[in-house]
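Dear colleague,

I am passing on the structure below, and would be glad if you could look through it alongside the notes that follow.

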Amino acid sequence: MEVLNFQTIRLQSLPLKSIRRQNNTCYVRGHFSVRCGIVEPSGEPAPLGQKTKYKDGLFEKVFMALFARKMEIFASSSETGTKSKNLGLLDYNYDSFVDVSRKVMQGRSRAQQQQVVREFRKLFPPTKWAAEFNAALTVPFFHWLVGPSEVIEVEVNGVKQKSGVHIKKCRYLENSGCVGQCVNMCKIPTQDFFTNEFGLPLTMIPNFEDMSCDMVYGQIPPPFEEDPASKQPCYASICSVANPSSSVCPKLQA
């Protein structure tokens, strides 16, 4: 029985056994499917250096608005004499979402940026089932944020399990073009939130060569100083605040 039918969200009775992508639709284990939104002719993310074209529907815009409005509370306090524009729920787009997170980053240290993002998520205790369940939820519910992704098998503490998520080309990273935003506003606070506040370890492994990323639920992340991402230089040719003369992105320095 079809309960809800929008362009972007569909609940249906088809007993799907796994997550898959078919006809530009992401399916999750159970009865839920969500439109993926990529409108490139190839159906795949654009090459490095080019922004992937998306067509965001109601579902995506609502999530962008909810996240952006939460972050605007902190953005307005980090800018002197500047107030964020008041937008309607469906007036937000991905550019405005990235702009809000950029304003949050301005005037804050690395630790302060990461603290802001810890406000957002709550999930489950650290079991294999919880790790695989979170991976399954990540694919359909966060494609609006990171782009197309898929569940992959990973090895955690010598055990193979489907608790990994491979993001083909992170939408947030390619639109911000900023290593610091990726690490401080997404990777580190997300890892810390799941690992330390909700007891479900998570390691995020961005590939700055092609802007892909692997999320491994159940794997304890390394200390920041030992993480390869902490030594990453700027995207000198695409980041608006890059410092090409620095060997490490300035936003990654304490």
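At what angle do helix H2 and H7 pack, and how far apart are their axes? Before the answer, please note that this is a predicted model, in which local features need pLDDT of at least 70 and side-chain atom pairs count only at pLDDT 80 or more, while totals for chains, interfaces and linings use all residues. Residues are numbered from 1 along each chain as its sequence is written, and side-chain values use heavy atoms, with hydrogens and water left out.

Helix H2 (residues 94-105) packs against H7 at an angle of about 80°, the axes being 11 Å apart; axes here are lines fitted to C-alpha atoms, for helices over the stretch in contact, and angles run from 0 to 180 degrees between N-to-C directions. The two helices, H2 and H7, are therefore roughly perpendicular (65 to 115 degrees). On the H2 side the contact (heavy atoms within 4.5 Å) is made by Val98, Ser101, Arg102, Val104 and Met105, and on the H7 side by Gly180, Gln181 and Met185.

Helix H7 itself (residues 179-197) has a kink of about 30° centred on Pro189, where the bend is the angle between axes fitted to the seven residues ending at a residue and the seven starting there. Of the 19 residues of H7, 17 are buried (under 20% relative accessible area, with a 1.4 Å probe and protein chains only), and just after the helix Gly199 takes a positive phi of about 70°. Helix H7 also lies across S7 and S8, running at about 160° to S7.

Those strands belong to an open sheet of four, in the order S5-S6-S8-S7 with antiparallel pairing; two strands pair if DSSP finds at least two bridges between them. The edges are strand S5 (149-156) and strand S7 (202-207), each of which pairs on one side only, and the twist averages 25° from one strand to the next. Helix H4 packs on this sheet, touching S5, S6 and S8, and its direction makes about 20° with that of S6. Strand S6 (residues 159-167) and strand S8 (residues 212-217) are joined by four bridges, and Gly164 has Val216 as its bridge partner in S8.

Within helix H4 (residues 128-141) sits Ala135, which counts as buried because its relative accessibility is 0%. Leaving aside neighbours within four places in sequence, Ala135 is in contact with Val151, Lys162, Ser163, Gly164, Val165 and Tyr217; its C-alpha atom is separated by 6.4 Å from that of Val151, 16 residues apart along the chain.

With best regards

Note on methods. Buried means under 20% relative accessible area, exposed over 50%, partly exposed in between (1.4 Å probe, protein chains only). Angles under 35 degrees count as roughly parallel, over 145 as roughly antiparallel, 65 to 115 as roughly perpendicular and the rest as oblique.
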